[in-house]
Amino acid sequence: MNATTTSIEKQSSSLLGTKQSQQLACPEQGRRVPKLRFKEFDGELTNCKLDDIVTFKSGGTPSKEKDTYWNGNIPWISAASMSGKYYSKSERTITEEGLENGSKLALKGSLLLLVRGSMLFNKIPIGIAERDVAFNQDLKSLIPNEKSYNEFLYQWFSAKQNYLLHKVTGTGIGAGKLDTDDLKSSKLVLPTLPEQQKIASFLSAVDEKIQQLSKKKALLEDYKKGVMQQLFSQKLRFKDENGMDYPEWEEKKFGDLYSFYSTNSLSRDKLNYESGTVYNIHYGDIHTKFKTAFNLTEEYIPFVNDDVDLSKIKLDSYCKNGDIVMVDASEDYADIGKSIEIIDLNDKKVLAGLHTFLARPTTSETAIGFFSFLLKSWSMRKQIMVIAQGSKVLSLSTGRVGKLKLRLPCLEEQQKIATYLSSIDTKIESVASARSATEQFKKGLLQQMFV
């Protein structure tokens, strides 16, 4: 278990008491208690509708043809600026004149909920206005009354995302709508204000921990990006064990160091995740989930179906440690030529599949782990984008890839670069794991603290 999550759980166990979810007295009033509750609170919670505890307010958009309505001092919140928990800034701003001629003001402390537009990533965006802000017609402002606390309602919306998503009706490709009347009739079980504040305060502390971990991960990623730029431009160099400079880097062509081997063209329906004796690297997984430094034990990789005849596959076509598997086709420049370097296959049989090249070192000049970083450097990415051909779908050829120019340090310096950058990756993965564990921990809290 992650240490970060453990510390939060210890904190929660000292604050929270567990109660079995059950129907209490006066069932006709529909009163229930959550599974998880702060120890100092007891008794029944009151059933109500969202419309009973908030006032709904609609937004609007000033005419975009009137320059005097725009570029003022009032943040104008739309779906595009709904990120994070608190809203106080946006790329677009309006003037007092714009507010009076089309938009509406959400007062500080109001909740802003997206009710029309793209419900991205199976989540309906919601946040709290940190100051008075304007908002457009795709949002609703929810103003809590004396019975409700805005931070508690924010957490309630977080807990009820699946419930709310079922209320979304489609209005076009990728777009949806939440009916206001349907939303107003949403039922919730409401604690007293002191209990609402206690719940919100605790969950906000968990939110802050998640945010801290997210920032830490972003800082590490930025640091790694900067270090890679310095290393591969040779502005930053390692020294040998005697403190001396390593030899100057030599220019090589990719084809001087690697030979290409055949790959298969098995589609997804020829693969499964349950059983098999041979694994298959699918190009789609390189695009979406595989780490650049590929370790079989750390990846979720499919098997080739047992009924597929692999008898004609040559022994040399099975992947080996140190191989490069490169995607040879993509719809955009960001992913064309995306590669993984095989670090450890754990003595398993693995094939490179559809839309990939399999490249194997032909010399002892390459250190395993170094090329997974070199191929992500900007100097290599620029070359790969230049040699990509096609209009709707970009493609590469082994001939063009073989001519890629690269600057290669000596073997010992390669290994030092790979080790150092791998250590940063380990830190990034550790922080990402802690964030994921904390997010899962909060998800569990939301399920148990809200009826």
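Q: What makes the largest nonpolar core a core, and which of its 47 residues touch the most other members?
A: In this predicted model, the members are buried nonpolar residues joined through side-chain atoms within 4.5 Å. Leu50, Leu113 and Phe157 touch the most other members. Helix 7, residues 193–232, gives the most to this core, with 6 residues.

Q: Leaving aside neighbours within four places in sequence, what is Leu50 in contact with?
A: The cut-off is heavy atoms within 4.5 Å. Leu50 is in contact with Phe56, Leu142, Phe157, Leu183, Lys184, Ser186 and Leu188.

Q: How do you know what span is expected of helix 7?
A: Take 1.5 Å times one less than the number of residues. Helix 7 has 40 residues, and 58 Å is expected. From first C-alpha to last it reaches 57 Å, close to that value. Just after helix 7, Gln234 takes a positive phi of about 65 degrees.

Q: What describes the packing of two helices?
A: The angle between their axes and the distance between the axes. For helix 4 (residues 150–159) and helix 7, the axes come within 8 Å and cross at roughly 65 degrees. Glu151, Phe152, Tyr154 and Gln155 of helix 4 make the contact with Gln196, Ile199, Ala200, Leu203, Ser204 and Asp207 of helix 7.

Q: Why are strand 18 and strand 21 said to stand at the edges?
A: The open sheet of 5 strands runs 18-27-23-25-21, with mixed pairing. Strand 18 (258–261) and strand 21 (293–295) each have a single partner strand, so one side of each is left without a neighbour in the sheet. The twist averages 35 degrees from one strand to the next.

Q: What makes strand 23 and strand 25 a pair?
A: At least two bridges are needed. Strand 23 (residues 324–327) and strand 25 (residues 339–344) have 3 bridges, in the antiparallel sense. Met326 has Ser339 of strand 25 as its bridge partner.

Methods
Residues numbered from 1 in each chain as written. Predicted model: local features only at pLDDT ≥ 70, side-chain atom pairs only at ≥ 80, totals over all residues. Heavy atoms only, no water. Buried < 20%, exposed > 50% of the residue type's maximum accessible area, 1.4 Å probe, protein only. Helix = DSSP H or I, 4+ residues; strand = E, 2+ residues; numbered from the N terminus. Axes fitted to C-alpha atoms, helices over the stretch in contact; angles between N-to-C directions.
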